[in-house]
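Here are a few quick notes from my read-through, meant to be followed with the structure open beside you.

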Amino acid sequence: MVLGVIAVLVVTGLHLSKITTQSVTLARQRTDQFTAREMARSAIQLAMALLADDAAKTDTDSIQENWADPDTLSRMVEQLGYSQGRITLDITDELGKIQVNALLKRFPGPEVNRDQALLWERLLDQHLNQDRPGTVHGPEAVINALTDWLDSGDDDAVSGLSGAESSYYAARFPPCAGANRDVAHLSELLNIKGFSPDLFVFSRNGPNPENPGETATKTWKDLFTVYGLFDASDEGKSYRYPGLINVNTADLEVIQALLPRGMAEFAQDMLDYRAQKSEDGENYLNPWTKGGTAG
Ligand SMILES: [Ca+2]
């Protein structure tokens, strides 16, 4: 009996010790989470202040500005003075990307913006992953499927032979509706017929926001944006995405798709010209303070 009690006490003691260890660990985790969240918030505030300052000084945005310079950003983050953890700050211009919603001239509506379709065609010609297993979708099929996802008011007419309207998506497992509206988040694209994370293949790495100075595999998410909404000011009846691309910040693959066929090789020259600095690395040789957007 006594032995039994002792055994129970020991077991209870062990159990209590486990609970105490768990709650200490949990408390520590919560403190770490709180600290990490506050650190991230202060970095975001810093980025907002930097961008507000930039907007007050210039009407255009380019990779030659402070907000786009990784060294400037890491110096500013250092000055926040956090002794624990690590913050990395990376600012990208969404208007240097292809606006997926600009494939239609306006919303709601079925009319395709032919210039944007051409942009998609050139991008897909250059980077469509031809080795995707079990797929025969070419550039035209991808564009038709995206058009049908965005458009409405066309009585569910399927674009070309390869588009897809609501009946296609309802028959899938799990079923979903063809959106018939603009895309609000890039991940929605993966619901569209023929779209998958390996839709594109890029031979070049891009910057790695988690580890400045290193590169990471470039993905389709680096090239597209859902932003760029423009108020068409016709009393709220419609809205549009002009789709103009800022060539001052656009990445190589986007510039390649902007250039006429056969001229993609000049895209790298444009990027080099934009980034060319004096020998001491202090000043840009070709200041990019004028000009704006091209589409
Ligand atoms: Ca600017």
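Is the crossing of α3 and α4 left-handed or right-handed?

1. That crossing is right-handed. Keep in mind that we're looking at a predicted model. The axes of α3 (residues 114–127) and α4 (residues 139–150) come within 9 Å and cross at roughly 140°, so α3 counts as oblique to α4.

2. As for who meets whom: on the α3 side you'll find A117, W120, E121, L124 and D125, and their partners in α4 are P139, V142 and I143. Sorted by class, this contact has six nonpolar and two charged residues, with no polar ones.

3. Next, have a look at the largest nonpolar core, which has 34 residues. Those with the most contacts inside it are I98, L103, A145, L146, V254 and L258. Helices α3, α4 and α6 (252–258) each supply at least two residues of this core, and α4 gives the most, with seven residues. For background, nonpolar side chains tend to be buried together in soluble globular proteins.

4. Leaving out residues up to four places away in sequence, V254 touches G96, K97, I98, L223 and I245. One of these, I98, is also on the list of core residues with the most contacts.

5. Finally, D269, which sits in helix α7 (residues 267–275).

Definitions and conventions: Residues are numbered from 1 along each chain as its sequence is written. This is a predicted model: local features need pLDDT of at least 70, side-chain atom pairs count only at pLDDT 80 or more; totals for chains, interfaces and linings use all residues. Axes are lines fitted to C-alpha atoms, for helices over the stretch in contact, and angles run from 0 to 180 degrees between N-to-C directions. Helices (H or I, at least four residues) and strands (E, at least two) are DSSP runs, numbered from the N terminus. Angles under 35 degrees count as roughly parallel, over 145 as roughly antiparallel, 65 to 115 as roughly perpendicular and the rest as oblique. A crossing is left-handed if the near helix is turned anticlockwise from the far one by less than a right angle, and right-handed if clockwise. Two residues are in contact if their C-beta atoms, placed from the backbone, lie within 7 Å. Ala, Val, Leu, Ile, Met, Phe, Trp, Tyr, Cys and Pro count as nonpolar, Asp, Glu, Lys and Arg as charged, and the others, Gly among them, as polar. A nonpolar core is a set of buried Ala, Val, Leu, Ile, Met, Phe, Trp, Tyr and Cys residues joined through C-beta atoms within 7 Å. A residue is buried if 20 or more other C-beta atoms lie within 10 Å of its own, exposed if 12 or fewer, and partly exposed in between; C-beta atoms are placed from the backbone.
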